[in-house]
Amino acid sequence: MEDCLIIGGGPAGMTAAIYLARFHLKVRVVDGGESRVTWIPRTHNHAGYPGGIPGTELLELMREQAGEFGIAVEERVIERAAKVEGGFEARAVDGEVIRARTVLLATGVVNRSPPIAPELHQVAIDRGLLRYCPICDGYEVTDKRVGVIGSRTHGYKEAVFLRMYTRDVTLIAPDTDLELSEAELARLGELGVEALGGPCASLRLDEDEIVVPTPRGELRFDSVYPALGSVIRSELAVALGADASSDGCVVVDDHQRTSVAGLYAAGDVVKGLDQISHAMGEGGVAAVTIRNDMAEKQALVR
């Protein structure tokens with residue numbers, strides 16, 4: 001039986017794996033291969049990398065570092081998990097069964113994408129034409145033409161946030177109506193943010209521009225931000241009986257413990273700031289908590 005099974009090999013999971021391995025605990029890391037960090041063309045917010053670093057390269061370095069302590073990330077999708085005597089039993093889609101005393105969920109979230117051909121999606125991201133995190137890269141759209149595809153309060157807040165970087169912001173409804181209050185519409189007007197009803201059709205690329213077809217015609221931008229929310233990958237936690245928020249985020253205490261004993265969660269699957277540094281911090285806290293909780297049950301000696 002493993003001491004800890006980490007499900008998710010992104011920044012939170014890899015940070016926890018490094019800590020736990022250096023505590024001389026038996027750790028396995030499985031990952032479905034869809035970490036959002038790989039979508040990042042180049043992150044400039046992550047301290048220690050002047051000039052920034054591509055998300056794929058950052059993840060490779062994390063996994064290389066974990067490898068120094070005997071951790072190899074297994075490409076495997078866990079379809080279900082159950083509480084068993086002494087811990088947990090997780091079953092992968094390929095039939096592999098993993099038993100572990102504790103489980104750390106670092107499964108993250110999946111962004112909802114705007115209408116765009118699948119073969120163009122990553123191309124648009126790599127070229128900075130499609131961006132998902134204004135906190136991460138709003139600086140890069142300073143004084144540029146920016147479109148926000150979204151509605152309701154989420155779309156409104158993202159448009160207002162991006163207005164701090166550029167005067168040229170347009171909020172476009174993904175469907176027919178923006179569904180904004182009179183106060184929200186008035187505030188957008190004060191800020192000079194144009195608000196348009198939809199629906200917007202499939203986005204396309206034209207050299208250095210991204211084109212958004214709308215009922216008002218084709219609009220051209222330097223970058224478009226989808227504000228369409230995300231799907232929280234908390235199904236395993238919920239199936240195990242862990243508490244979750246109304247939007248599906250796993251509820252944890254200050255030490256990353258869920259409401260199920262022996263089950264921990266860190267990173268974007270937990271409600272909080274969806275940032276690499278934040279996920280890594282939670283991964284470190286979770287790892288130390290796992291070690292301490294195990295030490296209360298048994299002596300950890302060599």
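In the predicted model, Val 269 is buried, with a relative accessible area of 0%. This valine belongs to the loop that lies between strand S16 (263-265) and helix H8. Leaving aside residues up to four places away in sequence, Val 269 touches Leu 105, Thr 107, Gly 108, Val 109, Ile 232, Arg 233, Ser 234, Cys 249 and Val 250. Among these contacts, Val 109 is 160 residues from Val 269 along the chain, yet their C-alpha atoms are separated by 6.0 Å.

Helix H2 comprises the 13 residues 55-67. At 1.5 Å a residue, H2 should span 18 Å, and this agrees with the 18 Å between its end C-alpha atoms. The buried residues of H2 are Gly 55, Leu 58, Leu 59, Met 62 and Ala 66. Viewed down the axis of H2, these buried residues fall within an arc of 95 degrees, and therefore line one face of the helix. An α-helix has 3.6 residues a turn, so residues three or four places apart point the same way. The face of H2 turned away from the buried side carries Glu 60 and Glu 64, both of which are exposed. Cover for the buried residues of H2 is provided by elements including H1 and helix H8 (276-297).

Helix H1 (residues 11-22) contains Tyr 19. Together with Phe 23 and Val 288, Tyr 19 makes a nonpolar surface patch of about 230 Å².

Notes
Residues are numbered from 1 along each chain as its sequence is written. This is a predicted model: local features need pLDDT of at least 70, side-chain atom pairs count only at pLDDT 80 or more; totals for chains, interfaces and linings use all residues. Side-chain values use heavy atoms; hydrogens and water are left out. Patches are made of residues with over 30% relative accessible area and no salt bridge: like charges are joined within 9 Å, nonpolar side chains (Val, Leu, Ile, Met, Phe, Trp, Tyr) within 5 Å. Accessible areas come from the Shrake-Rupley method with a 1.4 Å probe; for residues, only the protein chains shown count as cover. A salt bridge is a side-chain nitrogen of Lys or Arg within 4 Å of a carboxyl oxygen of Asp or Glu. Helices (H or I, at least four residues) and strands (E, at least two) are DSSP runs, numbered from the N terminus. The expected span of a helix is 1.5 Å times one less than its number of residues. Buried means under 20% relative accessible area, exposed over 50%, partly exposed in between (1.4 Å probe, protein chains only). The arc is that of the directions from the helix axis to the C-beta atoms. Contact means heavy atoms within 4.5 Å.
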